[in-house]
Amino acid sequence: MGRVTERRKVIRIRDGAVSTRPDTLVAEEPLEIRLNGKPLAITMRTPGDDFALAAGFLVSEGVLASAPDLRNIVYCAGATADGSNTYNVVDVTTAPGVTVPDITLERNVYTTSSCGLCGKASLDAVRTTTRHPIADAPPLRVTPELLSELPDRLRAAQRIFDRTGGLHAAALFDEHGELLDVREDVGRHNAVDKLVGRALQSGDLPLSRTVLMVSGRASFELAQKAVMAGIPVLAAVSAPSSLAVDLAAETGMTLVGFLRGSSMNVYAGEERIALRAAAVRA
């Protein structure tokens, strides 16, 4: 299996002094996901948790909704011309009776930010596909103080980032701020897929009592993946996109951006944030 990190020689310049040294880089390799033997998608990812990544991707595509839907995931042998296994191709087999949608190139209607389709089509696709509508009853409530602690907790759990400085991360916390799981990858969307896939494999979907914390921005794709997994709160250290905000508002998800220290912006679902009424000003 591919390594998570690789070593490369680098020329280092510090205050005019030049030296050479090995540097640790995060590995990036393609992963082809096949569904019942048919090629479905290729994503660039950091090797590791490939089965969870594939399962989580299929949750976001509306193919899998619970552990019984998944029969098996295997690496495809003979992935190269000489018959060797690259561990870069996985085949997901669904359980008998699972209805597999007709997934064509148009599946990008709600999985890719570069699909070029209108925002309404993307929102409609998520609304009609999700099998885990956000339904945290009683409603999950988190304080700003708790949210402000999550970025540091996420950063502290990024084991590979400490060695490379080149990875995004996504973490699941419970409503009390306890870390449930964290995954790292060159792509935020892959890190989220790995989290969701592991939850599906362990029978924990929907993730209705959790907070998803992501490094970087909150794109529509990340919001879509959270909604498909039934996650009620998505928080990001940077900005959300307008379509991510629209999706959160339409589906009832709480979306927090620019979460840095004690500062944050709440873009949707403010009812889950335990604010002191006197402190809220128009």
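## Helix packing and aromatic rings

The buried residues of helix 3 pack against strand 7 (168-174), strand 8 (179-185), strand 9 (210-214), strand 11 (254-260) and strand 12 (263-268), where contact means heavy atoms within 4.5 Å, and where helices (H or I, at least four residues) and strands (E, at least two) are DSSP runs numbered from the N terminus. This is a predicted model, in which local features need pLDDT of at least 70 and side-chain atom pairs count only at pLDDT 80 or more, while totals for chains, interfaces and linings use all residues. Residues are numbered from 1 along each chain as its sequence is written, and side-chain values use heavy atoms, with hydrogens and water left out.

Among the buried residues of helix 3 are Pro144, Leu150 and Pro151, buried being under 20% relative accessible area, exposed over 50% and partly exposed in between (1.4 Å probe, protein chains only). Helix 3 (residues 144-156) has a kink of about 25° at leucine 150, shortly before proline 151; the bend is the angle between axes fitted to the seven residues ending there and the seven starting there.

Rings of Phe, Tyr and Trp (its six-membered ring) pair if their centres lie within 6.5 Å, with planes under 30 degrees apart counted as stacked, over 60 as edge-to-face and the rest as tilted. Ring pairs link Phe51, Tyr75 and Tyr87 into a cluster.

| Residue | Relative accessible area | Class |
|---|---|---|
| Phenylalanine 51 | 28% | partly exposed |
| Tyrosine 75 | 18% | buried |
| Tyrosine 87 | 32% | partly exposed |
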